[in-house]
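Colleague: I am new to this one. Please take me through it, and tell me what backs each term.

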Amino acid sequence: MDHIFFFYFAAVIATTSVLVVALRNPVYSALSLLIMFFHVAGLYVTLHAEFLAAVQIVVYAGAILVLYLFVVMLLSIKSEERYHNQLPVAGLLGVMLCTEVILLLIQSRTAASAPAVSADPVAGAGNTETIGEALYSTYLFPFEVASLILLVAMIGAIILAKKDLNEHVQQ
Amino acid sequence: MEIGLRLAVSLAQIAAVMGVVMLTVMVLTLAERKVLGWMQDRMGPMEVGPYGVLQPIADGLKLFFKEDIIPAGANKFLFTLAPILALVPALIGFAVIPFGPTMTIELFGMQVKPFVISDINIGILYILAFASIGAYGIILGGWSSNSKYSLLGGLRSAAQVISYELNVGLAIVGVILLSGSLSLVKITEAQAGGFWNWFIIAMPFPQIFAFVVYVISSVAETNRVPFDLPEAESELVAGFFTEYSGMRFAFFFIAEYANMILVSCVAAALFLGGWNAPYPGTILEYIGLERIAWMENVVWFAAKVYFFLFLFFWLRATLPRLRYDQLMRFGWKVMLPIALGNIVLTAIAAYFFPR
């Protein structure tokens, strides 16, 4: 039963990810991205990480993708043709990457060195409390670094938007 | 067999809740016009049935038989998809709302919780997630109509929903800090035992500011007056659903009212104690009718929800529409700092005085 769900979600994620770059209408691209986010959330649910699933939808589908759509609609691009002649190059690179991954997988299987994936990641990792405690104790430093990077990005956005900030100060 | 039976019970529960929600939407369409009429010193609809009480049925029939028009140049696929994308998220959120006391009854040898379809441990996040999906229906409806009024309405709505969704999320954090759970059932249970335990005035830190931020932001999220810029009649004809007619229009209409009911339910459950009566226990329990004590709880929940719905109508009759820059400034420069400050103070209070 678990495998059926996994393969369904994985197949849809793979298909819609390809569609995001392959479709010519940017709005359709954004929509297939939306479907992909939902199925990634579904994958989290099958892993008993309900909190991550909900956050995935709130943050990516609810906020970030709406902003993308907003920009796409403001620019009112009906269809984007500029990048579609890159298909041969992209296909070549994709095939190379795929072969690499497949080779690695085969190698690791023959060597039987694949690390045993624990079926039950952290006991009750789906719990909001567990995630919170792990974030603020074990992973405190990476967490703070990530928030610092976000702060820098925010300041950068403000500087870009307010180009005349310095002129006002000088007056 | 076991799974089939469970599925049947769940479907029956879902059908019952959807029925109640749809009925409430019908009541609301009439109630809104009656309340507005009363506040503006006129009668409201009076023609259909005694005192116009059959007006919603007449409206429904009218919408059902109207011609379904897809404008030339519209994106047919998205134009059809948008009303569905607006309606489904509005209805799906009711799955985690506890309408009555937490109890389990035996049905065909299974444990069934009669007053909540699904008590998942991230209930409130689930509602937030699907509320944010509702914006897609509005944005895509506006974009696919191939009309400048619709597009402007959709764009306004996108910006507005993102800005105010943030405030809704942050306002809720205070309540989560106090209750220590994301499940609406547990949050409601934490407020049992009298109105002084409701989170709006509960010690150690009353969530009155969060409550005000939540109510204002949820009015903005449902695109109601005074935040109805996505459908501002005087500027945009009807905003994002200008080009819609018939049942597709009805879908947007029902979605707006279902969203109103949903945010009212959440407000009642988070801040006003949900199905808890303002006094400890229930009167029916005291006089020895434990078996039907749940009725009193359900009535209290309905009363709180209808109070919020009345508030929506009241605001509509009272306040003029905000200008767009005022809306944005108010959301980011007034509401957001209040919500953030509330989180900091609640966290400090909850740390020093754990419940």
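This is a predicted model: local features need pLDDT of at least 70, side-chain atom pairs count only at pLDDT 80 or more; totals for chains, interfaces and linings use all residues.

Colleague: Which residues make up the contact, by chain?

Modeller: Chain A puts in 17 residues and chain B 21. On the chain B side, helices H4 (123–144) and H5 (148–179) each supply at least two. H4(B) gives the most there, ten residues.

Colleague: How is the side of chain B that touches chain A divided by class?

Modeller: That side has 17 nonpolar residues, three polar and one charged.

Colleague: Which residues touch the most other members of the largest nonpolar core?

Modeller: The core has 122 residues, and those touching the most other members include A:Phe37, A:Ala54, B:Tyr214 and B:Ala258. Helix H9 of chain B, residues 246–271, gives the most to this core, with 18.

Colleague: What is B:Ala258 in contact with, beyond its neighbours within four places in sequence?

Modeller: B:Val21, B:Val25, B:Ala90 and B:Leu91. Contact here means C-beta atoms within 7 Å.

Colleague: Why is the crossing of H7(B) and H12(B) called left-handed?

Modeller: H7(B) passes H12(B) in a left-handed crossing, which means the near helix is turned anticlockwise from the far one by less than a right angle. The helices pack at about 145°, axes 9 Å apart. Their contact has seven nonpolar, two polar and no charged residues.

Methods
Residues are numbered from 1 along each chain as its sequence is written. Chains are lettered from A and ligands numbered from 1 in the order in which they are written. Two residues are in contact if their C-beta atoms, placed from the backbone, lie within 7 Å. Helices (H or I, at least four residues) and strands (E, at least two) are DSSP runs, numbered from the N terminus. Ala, Val, Leu, Ile, Met, Phe, Trp, Tyr, Cys and Pro count as nonpolar, Asp, Glu, Lys and Arg as charged, and the others, Gly among them, as polar. A nonpolar core is a set of buried Ala, Val, Leu, Ile, Met, Phe, Trp, Tyr and Cys residues joined through C-beta atoms within 7 Å. A residue is buried if 20 or more other C-beta atoms lie within 10 Å of its own, exposed if 12 or fewer, and partly exposed in between; C-beta atoms are placed from the backbone. Axes are lines fitted to C-alpha atoms, for helices over the stretch in contact, and angles run from 0 to 180 degrees between N-to-C directions.
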